[in-house]
Amino acid sequence: MTSTAIALHQVNKIYANGTVALQGVDLAVRQGEFVSLVGPSGCGKSTVLKLMAGLAAPSNGYLESPGVAGDRDLAYVFQDAALMPWATVLDNVHLPLKLKGQSLRASRSRIQAALNLVALQGFEQSYPRELSGGMKMRVSIARALVTQPHVLLMDEPFGALDEMSRGRLNSDLLRLWEQYHWTVVFVTHNIYEAVYLSNRVVVMGAQPGHILAEVPIDVPYPRDEDFRTSPQFNQYCRDIAHLLAGGEPLAPSSLSTAAPGLS
Amino acid sequence: MLQESPLPSVTAPSSKTVSPKPSRLVWLWSAIARPEVIAPLIVGLLALLLWEGAVRLFAVPPYLLPGPLLVFQTLIAEWPELFPSLLITLQITVVAFLAATVSGVLIAVLFAQSKWIERSLFPYAVILQTTPIVAIAPLIIIWLQNSTFAALVVCAWIVALFPIIANTTLGLNSADRNLQDLFRLYGASRWQTLWHLRLPSALPYFLGGLRISGGLALIGAVVAEFVAGTGGARSGIAYQILMSSYKLQIPRMFAALAMTTVLGVLIFVSLTWLSDRLLRHWHESALRQEN
């Protein structure tokens, strides 16, 4: 549980047009940890995920990912579900295995298991346009889980959903995480979501994108609905909002500012 | 690793209630008795009535403007001669259209392989499109003097090709960014990305190009026939239009013209039907309004 899954070391990311997306980012994610990145738009939190996924390369600094065994051990969930509209739910979930050369017949049981995890059994033959936003997101998560990855990178997965669907998917995701102990890096602009889900919340600032502070959420799992309404929860949210607004850490006892070479 | 569902199950969609299959006649009626079919029909009928009435009222001689009734009578009378000509034109159109579809898609796929190929070659596709076919048709007919049919097909093909290239290229380059990232993440090969992502993404664009090209292939065939002015055994509908106008058989000319127009509409309608069928599960353009 304590060994590093993915780490960025002094990473800068400068785009071709000269935009500095990230500057001096140090971030280590431990195996089995649930880490959220929060920050305003343009703070480079999605860029961090792209780097971790290998979809982009750092301009300076380096990245290590001892916790990722091969390109199917890592899964990526996009904000808009990114389903193929021409394919059924079954074919969409089959995609990662199909690209590996596994036929639908051979993959059937794994697809079914993944669909069961997100409670979508019975929708195999539906097309994405027939599903609600929340259900599309479930398909997207099933597609990520079908390769049985250990690392899950989620880029504002519930950002486009209504509050009720978001709440339900949050609880579902947390339950699955407790069961399977994935390493999760979760990008969001929703502070409440970040506090509810995470072991640790990484607060980022913009122009250029950098880490402002890291806030460990020292609350044991399973976290129930009571946690969401507790004073402790509110305190965490207030602290993070304060940091995002450009303030200094309020209570050193509950917060630790970003320091190079974290655990 | 993946076991039982820890989540509450969502209810599956209830199997659609099977309505009793209506007879063909009822189906045909329900297809016609819709405002979007009835309205243009009424407009058309009114226009024809007005035309017929005006021709009679002002006693316009038929060699200037025949009434629709006379055109219709001529059409029936001349059918044995006109219809085979229409079939020849249809043949040219279909062969040229199929050639344009296959070559257009292949060229678009080639363009999609690299930005540089596209940048270097696309201007020439535009030049092909903007060259007036009337100007180069005589040359093509001279080059292919052994086969007038082939020459006419080449002319129609040139006219029909561009919309397919342009639309399919646009479609191949319009694949969803996130899906492209996903394919990259799972180590998809170039071929897999083309086959499973870019070609399906291009389908709606391609079908749009197809609908334009179908009509253009017919126009190309007719224009080329006009230029060729071909006599001989294989004379298409344009030849009939041309000869009728030379001989001042204006009602016959109108009849041949009407047949060409109807053929064009039929091509468009069948391509629209094909497009709706292929896209009905997923694309906005093929969705019925639900309310």
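This note goes through the predicted model point by point, from conventions to individual residues and helices.

1. Conventions. The model is predicted, so local features need pLDDT of at least 70 and side-chain atom pairs count only at pLDDT 80 or more, while totals for chains, interfaces and linings use all residues. Residues are numbered from 1 along each chain as its sequence is written, and chains are lettered from A and ligands numbered from 1 in the order in which they are written.

2. Domains of chain A. The assignment, which is automatic or taken from a database, divides chain A into domain 1 (4–68 + 150–257) and domain 2 (85–149). The C-alpha centres of domain 1 and domain 2 of chain A are 26 Å apart, and 10 residues of domain 1 are in contact with six residues of domain 2, a contact being a pair of C-beta atoms, placed from the backbone, within 7 Å. On the domain 1 side, strand 6 (151–155) and helix 5 (163–180) of chain A each supply at least two residues, and helix 5 gives the most, with three. Helices (H or I, at least four residues) and strands (E, at least two) are DSSP runs numbered from the N terminus. That side of domain 1 has eight nonpolar, two polar and no charged residues, where Ala, Val, Leu, Ile, Met, Phe, Trp, Tyr, Cys and Pro count as nonpolar, Asp, Glu, Lys and Arg as charged, and the others, Gly among them, as polar.

3. Nonpolar cores. The largest core has 88 residues, and those with the most contacts inside it are Ala142(A), Leu153(A) and Val203(A); such a core is a set of buried Ala, Val, Leu, Ile, Met, Phe, Trp, Tyr and Cys residues joined through C-beta atoms within 7 Å. Its largest share, seven residues, comes from helix 4 (residues 133–145) of chain A, and the core draws at least three residues from each of domain 1 and domain 2 of chain A. Leaving aside residues up to four places away in sequence, Val203(A) touches several residues, including Val38(A), Leu212(A), Ile240(A) and Leu244(A). Apart from this core lies another, of 53 residues, among them Ala151(B), Ala217(B), Ala221(B) and Ala224(B).

4. Helix 1 of chain A. Eight of the nine residues of helix 1 (residues 45–53) are buried, so this helix is largely enclosed by the rest of the structure. A residue is buried if 20 or more other C-beta atoms lie within 10 Å of its own, exposed if 12 or fewer, and partly exposed in between. The buried residues include Lys45(A), Ser46(A) and Thr47(A), and the helix is followed by Gly54(A), whose phi is positive, near 80°.

5. Asn199(A). This residue sits in the loop between helix 6 (191–197) and strand 8 (200–205) of chain A, and it is partly exposed, with 17 other C-beta atoms within 10 Å. Its C-alpha atom is separated by 6.4 Å from that of Glu33(A), 166 residues apart along the chain. Beyond residues up to four places away in sequence, Asn199(A) touches Glu33(A), Phe34(A), Val35(A), Pro216(A) and Ile217(A).

6. Chain B. The secondary structure comes to 10 helices and zero strands, and 32% of the 291 residues count as buried. Helix 3 (residues 68–113) and helix 4 (residues 115–130) of chain B pack at about 135°, with their axes 6 Å apart; axes are lines fitted to C-alpha atoms over the stretch in contact, and angles run from 0 to 180 degrees between N-to-C directions. These two helices are therefore oblique to each other, since angles under 35 degrees count as roughly parallel, over 145 as roughly antiparallel, 65 to 115 as roughly perpendicular and the rest as oblique.

Definitions and conventions:
Contact = placed C-beta atoms within 7 Å.
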